[in-house]
Amino acid sequence: MSTTRRDMLKLGALAGAVGLVAKSGLLSAADVPVPRAGKPLRILILGGTGFTGPHQVRYALARGHRITLFNRGRRPQDWPVGVEELTGDRETGDLAALAGREWDVCIDNPTSVPRWVRDVGEVLQGKVGHYIFISTLSVYADSTTPGQDEDAPLARYTGADIMKETRETLRANMALYGPMKAACEAEAEKWFPGITTIIRPGLIVGPGDETDRFSYWPLRIARGGDVLAPGDGSDPTQIIDARDLAEWTIRVAESRTLGKFNAMGPNYAMSMAAMLHGIQAVTTAGARLHWVPVEFLREHDVSPWVDMPAWVPGSGETAGFARHRNDRAIAAGLSFRPLATTAADTLEWFATLPAERQAQLRAGIEPEREAEVLKAWRAQRQG
């Protein structure tokens, strides 16, 4: 692939960012002083112990807010002073700890079951001044059309009774994910009319990601050698650092910004080539990217998203998958740390994990298969 002068300038800026931006790891609030919010809020976070929740907690505390967490208590953490923890179970309907309490804001992080939103609504309606629901870009019915905004049609549930769906039925049929999340949004607006914010991220990345759906690429490129890369590099990709999502969510709470928002980055159209070259800028391993056509990958059973994480073909049925508009969220204050920072911090975080975890990536093509596909690709080109 040819690289234009504009591409080189962008890659140079990404590389320079590594030296200019302090390593942030998991604690984004520790990078630079975080200014206090104008008014402290009482914030209830449903969940709070997953991927984005801890980032929300730390940033909110740095801003001077008072935090209450509600979850099952199965992921105990040593929180700083100022964090109250309530236990219960939304799957069983155990919400007693929330009864009779009031908060300025409720942030609902982990919910994909509409019944969970309904049950919380019955307890918290009239008890919170602002309800923020973290949804997903998977709610959209159409993945073929580029440039869709927040008003695009949503996926519809076609089953017997949406309120009878559970986490178990979802795990058994992941095709329900988009329709169930869309139904969760509808329940949120039903129970908290006029005070609801819907945030729709897609692929959330960065230190702390246990799926490895982005981490595969920094880790693979840092290993060096010949790297299998999908297509010709021009297909688009959209990601958001968990810290950017978490911190913006807290700022949305502070400003009481209402509405629906596609929370994806960056603030320009990023191709797979731009992402992988940007990641290359933070390593010195000398990885060599080999761009292999989609048709060849398909013939050799190399799957989008699973074998080649963060990627789907940018044409046909997935032409709009990574081309959602995000200008509404950017206008509402969503900002993005440099890709180089996310990649470097991901590598630094991953190096702290136990050796057995580092040895078993949860996404991406296996090294042996990668070598086989590259060998077959070279043979075809030489033949």
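Which residue forms a salt bridge with Asp244? The partner is Arg337, and the closest N and O atoms of the two are 2.9 Å apart, where a salt bridge is a side-chain nitrogen of Lys or Arg within 4 Å of a carboxyl oxygen of Asp or Glu. The pair links distant parts of the chain, 93 residues apart, with Asp244 in helix α7 (residues 242–255) and Arg337 in the loop between α10 (327–331) and α11; helices (H or I, at least four residues) and strands (E, at least two) are DSSP runs, numbered from the N terminus. Asp244 counts as buried because its relative accessibility is 7%, and Arg337 counts as buried at 18%, given that buried means under 20% relative accessible area, exposed over 50%, and partly exposed in between (1.4 Å probe, protein chains only).

The model is a predicted one, in which local features need pLDDT of at least 70 and side-chain atom pairs count only at pLDDT 80 or more, whereas totals for chains, interfaces and linings use all residues. Residues are numbered from 1 along each chain as its sequence is written, and side-chain values use heavy atoms, with hydrogens and water left out.

We turn next to the sheet. Seven strands form an open sheet in the order β3-β2-β1-β4-β5-β6-β10, with parallel pairing, and two strands are taken to pair if DSSP finds at least two bridges between them. Because β3 (83–87) and β10 (259–263) stand at the edges with a single partner strand each, one side of each is left without a neighbour in the sheet. On average, neighbouring strands of this sheet are turned by 20° against each other, direction ignored; axes are lines fitted to C-alpha atoms, for helices over the stretch in contact, and angles run from 0 to 180 degrees between N-to-C directions.

Helix α3 (residues 114–124) lies across β1 (42–46), β4 (105–108) and β5 (131–134), and runs at about 170° to β5. Helix α5 (residues 177–191) also packs on the sheet, touching β5, β6 (196–201) and β10, and its direction makes about 180° with that of β5.

What lies in the nonpolar interior? A nonpolar core is a set of buried Ala, Val, Leu, Ile, Met, Phe, Trp, Tyr and Cys residues joined through side-chain atoms within 4.5 Å, and the largest has 35 residues, those with the most contacts inside it being Ile43, Val57, Ile67, Ile107, Ile132 and Trp248. Elements that each supply at least two residues of this core include β1, α2 (53–62), β2, β4 and β5, while α7 gives the most, with six residues. Leaving aside neighbours within four places in sequence, Ile107 is in contact (heavy atoms within 4.5 Å) with residues including Ile43, Leu46, Ile132, Ile134 and Ile250. Apart from this core lies another, of 34 residues, among them Phe214, Ile221, Met272 and Leu374.

The buried residues are Tyr216, Trp217, Pro218, Leu219, Arg220 and Ile221, and what covers them includes β8 (226–230), α8 (272–280), α11 (339–350) and α13 (367–382). After α6 comes Gly224, whose phi is positive, near 80°.

The structure holds 24 salt bridges. One of them joins Arg115 and Glu91, with the closest N and O atoms 3.4 Å apart; Arg115 is in helix α3 and Glu91 in the loop between β3 and β4, 24 residues apart, and both are buried. Another joins Asp226 and Arg288 at 2.8 Å between the closest N and O atoms, linking strand β8 to strand β11 (residues 288–292) across 62 residues. Asp226 counts as partly exposed because its relative accessibility is 26%, and Arg288 is partly exposed with a relative accessible area of 44%.

Lastly, Asp307 is placed in the loop between α9 (294–299) and α10, and is buried with a relative accessible area of 11%. A polar atom of the Asp307 side chain lies 2.9 Å from the backbone nitrogen of Ser303, and a polar contact of 3.3 Å joins the side chains of Asp307 and Arg369; a polar contact is a pair of N or O atoms within 3.5 Å, where within protein one must be able to donate a hydrogen and the other to accept it, and residues adjacent in sequence count only if both atoms are side-chain atoms.
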